[in-house]
Amino acid sequence: MAVIERVPDTVFKTRVRDESIGGQNPYRWQDRTTQEIFGGKKVVVFSLPGAFTPTCSSNHLPRYEELYDQFKEQGIDEIICLSVNDAFVMFQWGKQQGAKNVFLLPDGNGEFTRKMGMLVDKSNLGFGMRSWRYSMLVNDGKIEKFFAEPGYSDNCPDDPFEVSDADTMLASLKGQEPAGVSEPRMAFVG
């Protein structure tokens, strides 16, 4: 697992609401660059293996959503959840989760994740190539804090969730020792 100092240049394929389109599905494609997303901002990013999956849906996203105001108090401009899923999946997952504060960023081709050195094979679960679970603080494109889960590997038999959680990142921003991962915030069925 390589450690890099800046987020890699990537173009993300996103969907945005555009009322000028009209109809029942007023969405269009919009490319967003790394510079547009991270330039001149202080951003917390957490990356996870997949939308609609147990830990991601019960704790990882909900806890960042829950602590959003506390992150803002620490000078964070935006919280981004990144996954190697397409824009349609991320949109529907956000709706199902009731996500209002965290921006769900699709890395559908896994390009950003690959360039971060965090792309792993999860074929043992039928997922294919996905992101290893991690979080980072990015200030104007520069990675200032980085928390990767232990055991980075292809076809990992488990799903470690010990350091990329919202509570660990928030404690780090406050200069405190993390108290550990919180209990799940939502039930997961599936």
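Helices are DSSP runs of at least four residues, numbered from the N terminus. In this predicted model, Lys 115 and Glu 111 stand four residues apart in helix H5 (residues 111-116), so about one helical turn separates them. The two side chains form a salt bridge, with their closest N and O atoms 2.8 Å apart. Lys 115 is partly exposed, at a relative accessible area of 33%, and Glu 111 is also partly exposed, at 27%.

A network of salt bridges with shared partners joins Arg 63, Glu 66, Asp 167 and Arg 185. Within helix H2, Glu 66 and Arg 63 are three residues apart, about one turn of the helix. The closest N and O atoms of this salt bridge are 2.8 Å apart. Glu 66 is partly exposed, with a relative accessible area of 44%, whereas Arg 63 is buried, with a value of 10%.

Side chains of opposite charge can pair when their charged atoms come close. The whole structure contains nine salt bridges. One of them links the side chains of Lys 41 and Glu 78, at 3.9 Å from N to O. Lys 41 belongs to the loop between helix H1 (34-38) and strand S3 (42-48), and Glu 78 belongs to strand S4 (residues 78-83), so this pair ties together parts that lie 37 residues apart in sequence.

## A buried charge without a partner

Glu 65 is found in helix H2 (residues 54-66). Although Glu 65 is buried, it has no salt bridge. Which side chain of opposite charge is nearest to Glu 65? It is that of Lys 100, 7.3 Å away, while a salt bridge requires the atoms to be within 4 Å. Leaving aside residues up to four places away in sequence, Glu 65 touches Gly 98, Ala 99, Lys 100, Asn 101 and Val 102.

## Pocket and cavities

Rolling a probe the size of a water molecule over the atoms shows where empty space is left. The largest pocket holds about 490 Å³ of space. Strand S1 (11-17), strand S2 (27-33), helix H4 (87-97) and strand S5 (103-106) each give two or more residues to its lining. H4 provides the largest share, seven residues. Of the 21 lining residues, Arg 15, Ala 87, Met 90, Phe 91 and Leu 104 lie nearest the centre of the pocket. The lining comprises 11 nonpolar, five polar and five charged residues.

The structure also has two cavities of 30 Å³ or more. The largest cavity has a volume of about 50 Å³, and its lining includes Trp 132, Arg 133 and Asp 158. The lining of this cavity divides into three nonpolar, one polar and five charged residues.

Key
Residues numbered from 1 in each chain as written. Predicted model: local features only at pLDDT ≥ 70, side-chain atom pairs only at ≥ 80, totals over all residues. Heavy atoms only, no water. Buried < 20%, exposed > 50% of the residue type's maximum accessible area, 1.4 Å probe, protein only. Lys, Arg positive; Asp, Glu negative; His and termini not counted. Contact = heavy atoms within 4.5 Å. 1 Å grid on protein atoms, 1.4 Å probe; cavity = no way out; pocket = protein on both sides within 12 Å on 5 of 7 lines; lining within 4 Å. Points joined across faces, edges and corners; volume = space filled by probe spheres on them. Nonpolar A, V, L, I, M, F, W, Y, C, P; charged D, E, K, R; others polar.
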